[in-house]
Amino acid sequence: MKFKKFNKQILKSRNFVVCVLVFMLVVVCTVNYQFNKQGMLETSSDLKEYEELLQADNENVDVDKEQVKETANENLDTDEIKVVDSNKSEADEKVKETTANITKEMLSKENMQKDTYFIDIKMNREKERGELIEELDAIVKNPASSQNSIEEASNMKLNLVKFREAELNIESLLTAKGFENPVAYVSENNASVVVDREKLNKDDVAKIFDVVYTQTKLPFENIKIMEYKR
């Protein structure tokens with residue numbers, strides 16, 4: 001009987017301990033859940049605020065990018081227009097200036113009085129042409145030049161080669177026809193020729209016109225022929 005009572009007491013003690021442990025476990029889990037819940041809420045709130053702040057920053061950045069892009073495009077367009085106009089004007093003016101200088105020196109009565117006229121004129125022609133080519137090369141090699149300006153300058157250089165070839169052919173053909181020391185200058189719309197004759201007759205003029213027209217295809221009214229009068 002005593003043994004049974006002892007066992008019952010032990011069992012009651014164990015059950016009490018188990019109940020206490022279970023109760024404590026429930027309490028701990030409940031408290032832990034509350035802490036975790038509160039922590040999650042705080043984290044969620046912080047995360048939401050962070051996302052809102054990040055979104056606002058991104059919107060500001062997008063606006064800035066658009067503004068920078070628009071400003072850059074405006075500046076690029078403005079710079080390009082300036083470069084095109086500047087280069088085109090510079091090239092055209094230089095070509096006109098070169099043509100005017102060579103023609104003036106070539107047809108000058110004062111120069112024709114010099115014994116070294118033909119040599120001087122040919123040297124001046126090459127000098128003026130050389131300076132013009134340098135100007136055109138500067139446009140072609142300039143990183144700021146537009147594609148249109150580069151193409152225009154390149155075409156002008158090709159034309160100069162054709163003009164020079166026509167001049168050499170005219171001088172060679174006229175020499176072969178008996179005209180001594182001929183000098184020719186060919187531009188886009190005009191051609192000038194001076195021959196070492198004090199007087200040209202109609203046949204001489206016709207021969208010169210025929211040679212110049214064959215090489216340049218310019219109309220007769222755009223071809224100027226002069227005698228070299230000492």
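Which residue of S3 is the bridge partner of valine 193? In this predicted model, the bridge partner of valine 193 is isoleucine 225, which belongs to strand S3. The protein chain that holds this pair has 5 helices and 3 strands, and, read from the N terminus on, its elements follow the order α-α-α-α-β-β-α-β.

**The sheet**

- The 3 strands form an open sheet in the order S1-S2-S3, and the pairing within this sheet is mixed.
- Strand S1 (183-186) and strand S3 are the edge strands, since each of them pairs on one side only.
- On average, and with direction ignored, neighbouring strands of this sheet are turned by 10° against each other.
- Strand S2 (residues 191-195) and strand S3 run parallel and are joined by 5 bridges; between S2 and S3 the chain passes through helix H5 (residues 202-216), and this β-α-β crossover is right-handed.
- Strand S3 (residues 223-227) is largely enclosed by the rest of the structure, because 4 of its 5 residues are buried.
- As a general point about regular strands, the side chains alternate between the two faces of the sheet.

**Helices against the sheet**

- Helix H3 lies across S1 and S2, and the direction in which H3 runs is at about 25° to S1.
- Helix H4 (residues 147-176) also packs on the sheet, where it touches S1 and S2, and the direction of H4 makes about 150° with that of S1.

**A closer look at helix H3**

- Helix H3 (residues 117-141) has 25 residues and reaches 36 Å from its first C-alpha to its last, which is close to the 36 Å expected at 1.5 Å a residue.

**The chain as a whole**

- Of the 230 residues in the protein chain, 26% are buried.
- The protein chain exposes about 16,700 Å², and carbon and sulfur atoms supply 55% of this area.
- When contacts in the protein chain between residues at least 6 apart in sequence are considered, 65% of them join residues that are at least 24 apart.

Key
Residues numbered from 1 in each chain as written. Predicted model: local features only at pLDDT ≥ 70, side-chain atom pairs only at ≥ 80, totals over all residues. Heavy atoms only, no water. Helix = DSSP H or I, 4+ residues; strand = E, 2+ residues; numbered from the N terminus. Expected span 1.5 Å × (residues − 1). Buried < 20%, exposed > 50% of the residue type's maximum accessible area, 1.4 Å probe, protein only. Pairing = 2+ DSSP bridges. Right-handed = clockwise from strand over helix to strand, strands pointing away. Axes fitted to C-alpha atoms, helices over the stretch in contact; angles between N-to-C directions. Contact = heavy atoms within 4.5 Å. Areas by Shrake-Rupley, 256 points an atom, 1.4 Å probe, with all protein chains shown as cover.
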